[in-house]
Amino acid sequence: QFSQWEYIQGPSLDRIVVDGWTTGEDDSTKWKTGQAPFGDRNIDGINWKTDWSNDTRSAIILRRSFTVDDVSKFVGSPLMTKITYDDSITIYVNGEKVFHDGGWVDTYVDLTLAPDASKVLKNGENIIAISLVNTAGGRQIDMNLFSYEKPEDQEAVEPLDSSVGAAQFSLEALDILGGRQKKFWPVSYLV
């Protein structure tokens, strides 16, 4: 199953960004809904579900909501992502900027978005928002979002067994890529 994201494409960020877009407090009638992943060229067989190839649409903003039942379970645990992007990306969680890079990565890399997930997450609905601006070459975005849950009877934060059935948060879900790289989700997910 591929995740649904709200998105707006345009010639530049200043033409598409509106106040409140990173928190969901804006005019949602401007947003389209697209299936992830988003991209424009073939990288190891990724099947782009939403095309992002029009030269007049070099900028894109995306967002998606997810629910956290008890943020206290993530105290002291990092908020992480496995991600590929191209290019010039900024990631926000609940309106707070947690990552920016002016470059790109054509492979999947692990990034820490926050050293303590409980500092950027909240109980209930949360919003992850992403902006990208294509400056040259291809364009793509695919990611997951995860953290570790702290067991109630232990002081140390330990990963849950991902076989427990915790649903993942990912743009492309569990699709396997081509021979150069494969997605591997080693821990359980927030939502």
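Arg63 has a relative accessibility of 3% in this predicted model. Because buried means under 20% relative accessible area, Arg63 counts as buried. Its side chain meets that of Asp26 in a salt bridge, at 2.4 Å from N to O. Salt bridges with shared partners join Glu6, Asp26 and Arg63 into one network.

Arg63 also has an aromatic neighbour. The charged end of Arg63 sits over the ring of Trp31, 4.0 Å from the centre of that ring. Trp31 in turn belongs to a cluster in which ring pairs link Trp21, Trp31 and Tyr92.

The search of the whole structure finds four aromatic pairs. A pair of aromatic rings is described by the distance of the centres and the angle of the planes. Trp21 and Tyr92 form an edge-to-face pair, with 5.6 Å between centres and 80° between planes. This pair links distant parts of the chain: Trp21 is in the loop between helix 1 (13-16) and strand 2 (32-35), Tyr92 is in strand 7 (residues 89-93), and the two are 71 residues apart. Trp21 is buried at 6% relative accessibility, and Tyr92 is buried at 18%. Another edge-to-face pair is that of Tyr85 and Phe99, at 6.1 Å centre to centre and 70° between the planes. Tyr85 lies in strand 6 and Phe99 in strand 8, so parts 14 residues apart in sequence are tied together. Both of these residues are buried.

The search for salt bridges also finds four. One of them joins Asp40 and Arg139, whose closest N and O atoms are 3.8 Å apart. Asp40 is in the loop between strand 3 and strand 4, Arg139 is in the loop between strand 10 and strand 11, and 99 residues separate them. Asp40 is partly exposed at 26%, whereas Arg139 is buried at 3%. Asp110 and Lys82 form another salt bridge, at 2.9 Å from N to O. Asp110 in strand 9 and Lys82 in strand 6 are 28 residues apart. Here Asp110 is partly exposed at 47%, and Lys82 is buried at 13%.

Ser58 lies in the loop between strand 4 and strand 5, and is buried with a relative accessible area of 13%.

Note on methods: Residues are numbered from 1 along each chain as its sequence is written. Side-chain values use heavy atoms; hydrogens and water are left out. Rings of Phe, Tyr and Trp (its six-membered ring) pair if their centres lie within 6.5 Å; planes under 30 degrees apart count as stacked, over 60 as edge-to-face and the rest as tilted. Helices (H or I, at least four residues) and strands (E, at least two) are DSSP runs, numbered from the N terminus. Buried means under 20% relative accessible area, exposed over 50%, partly exposed in between (1.4 Å probe, protein chains only). A charge sits over a ring if NZ of Lys or CZ of Arg is within 6 Å of the ring centre and within 35 degrees of the ring normal.
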